[in-house]
Amino acid sequence: MKDKSAISIMLIALSALLLLSGCSGPPPIRTAPVVTSVPIYRIGPGDELQIYVVDHPNLSTTVPVRPDGRISIPLVQNMQAEGETPSELSANLEKALAQYVRNPDVTVIVRSFQSTYTSEVRIVGQAVKPQAIPYRAGMTLLDAMTQVGGLTPYAAGNSAELIRKYDGKDKVYRVRLGDLLNGDIHDNALLQPGDVIIIPQKLF
């Protein structure tokens, strides 16, 4: 009888230990602070820009941003583009072109870009195609995982973690990617620029 009681106590203690261990570790992603704002995209080297000058097709062109962060278009040479928003660059080009064209109306469109860290979401580890992908407003975990082709057969998807900078500090959250890709959307959180998703390998 004493042996049965001892075994029962041990089982209860083990259950409590397992419960506690299940509660430890990073908090789930659903507890992360809600995104309240999205950083404005700023042009960087390697971006491809379409410059459209209304009623002046000879001045409209598509140019890459050089490694020194500058661009050149007809009549305007070596204009600083890196660090500017498309709207800011449009205004600067209008000011520069005003020396040659009356009331220039310029539109800048980023056709392709080489993202900086702060405008990317990086997925590393056991994704089919681990990579850094451009952030876009409203992007969710499921969007990102679809873009990288899902998980490899060796992925411990439910042990994945998401690292997010908040108030200047890196915060770690637990994400159950295995469940998410099997239809459980509880962890389908909105992503933020700069998020890093780490997918570990199964332990065999």
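Reply: We may begin with one pair of residues. In this predicted model, Arg42 forms a salt bridge with Glu88, and their closest N and O atoms lie 3.0 Å apart.

Me: Why is the contact between Arg42 and Glu88 called a salt bridge?

Reply: The term requires a side-chain nitrogen of Lys or Arg within 4 Å of a carboxyl oxygen of Asp or Glu. The N and O atoms of Arg42 and Glu88 are 3.0 Å apart, so the pair meets the definition.

Me: What parts of the chain does the pair of Arg42 and Glu88 link?

Reply: The pair links distant parts of the chain, 46 residues apart. Arg42 is in the loop between α1 (2-23) and β1 (48-53), while Glu88 belongs to helix α2 (residues 86-97).

Me: How many salt bridges does the structure hold?

Reply: The structure holds five. Another of them joins Asp195 and Arg164, with the closest N and O atoms 2.7 Å apart. Asp195 is in the loop between α4 and β10, and Arg164 is in strand β8, 31 residues away in the chain.

Me: Are Asp195 and Arg164 buried or exposed?

Reply: The cut-off for buried is under 20%. Asp195 has a relative accessibility of 1%, so Asp195 counts as buried. Arg164 has a relative accessible area of 3% and is therefore buried as well.

Me: What makes the meeting of Lys165 and Asp170 a salt bridge?

Reply: Their side chains meet at 3.1 Å, N to O. The limit is 4 Å, so the pair qualifies. Lys165 has 48% relative accessibility, and because that value falls between 20% and 50%, Lys165 counts as partly exposed.

Me: Which strands form the open sheet, and what makes β7 and β9 its edge strands?

Reply: The open sheet has five strands in the order β7-β6-β10-β8-β9, with mixed pairing. β7 and β9 each pair on one side only, and they are the edge strands. The twist averages 20° from one strand to the next.

Me: How do you know that β8 and β10 pair?

Reply: Pairing requires at least two bridges between the strands. β8 and β10 share three bridges in the antiparallel sense, so they count as paired. Leu162 has Ile197 in β10 as its bridge partner.

Me: Which residues touch the most other members of the largest nonpolar core?

Reply: They are Ile123, Leu141, Leu177, Ile197 and Ile199, in a core of 23 residues. The elements that give two or more residues to this core are β6 (120-125), α3 (141-147), β8 (160-166), β9 (169-175), α4 (177-181) and β10 (196-199). Helix α3 supplies the largest share, three residues. Apart from this core lies another, of 19 residues, among them Val53, Leu93, Ala96 and Val108.

Me: What does Ile123 contact beyond its neighbours within four places in sequence?

Reply: The contacts of Ile123 include Ile133, Ala144, Met145, Ile197 and Ile199.

Me: Why is Thr140 called buried?

Reply: Thr140 has a relative accessible area of 13%, which is under 20%, so the term buried applies. Thr140 is in the loop between β7 and α3. Its neighbours within four places in sequence left aside, Thr140 is in contact with Asn188, Ala189, Leu190 and Leu191.

Me: Where is Pro134, and why is Pro134 called partly exposed?

Reply: Pro134 is in strand β7 (residues 131-134). Its relative accessibility is 35%, between 20% and 50%, and therefore Pro134 counts as partly exposed. Pro134 and Gly194 are 60 residues apart in sequence, and their C-alpha atoms are 9.8 Å apart in space.

Me: How much of the protein counts as buried?

Reply: Of its 204 residues, 33% count as buried. The protein exposes about 12400 Å², of which carbon and sulfur atoms supply 56%.

Note on methods. Residues are numbered from 1 along each chain as its sequence is written. This is a predicted model: local features need pLDDT of at least 70, side-chain atom pairs count only at pLDDT 80 or more; totals for chains, interfaces and linings use all residues. Side-chain values use heavy atoms; hydrogens and water are left out. Helices (H or I, at least four residues) and strands (E, at least two) are DSSP runs, numbered from the N terminus. Buried means under 20% relative accessible area, exposed over 50%, partly exposed in between (1.4 Å probe, protein chains only). A nonpolar core is a set of buried Ala, Val, Leu, Ile, Met, Phe, Trp, Tyr and Cys residues joined through side-chain atoms within 4.5 Å. Contact means heavy atoms within 4.5 Å. Axes are lines fitted to C-alpha atoms, for helices over the stretch in contact, and angles run from 0 to 180 degrees between N-to-C directions. Accessible areas come from the Shrake-Rupley method with a 1.4 Å probe; for residues, only the protein chains shown count as cover.
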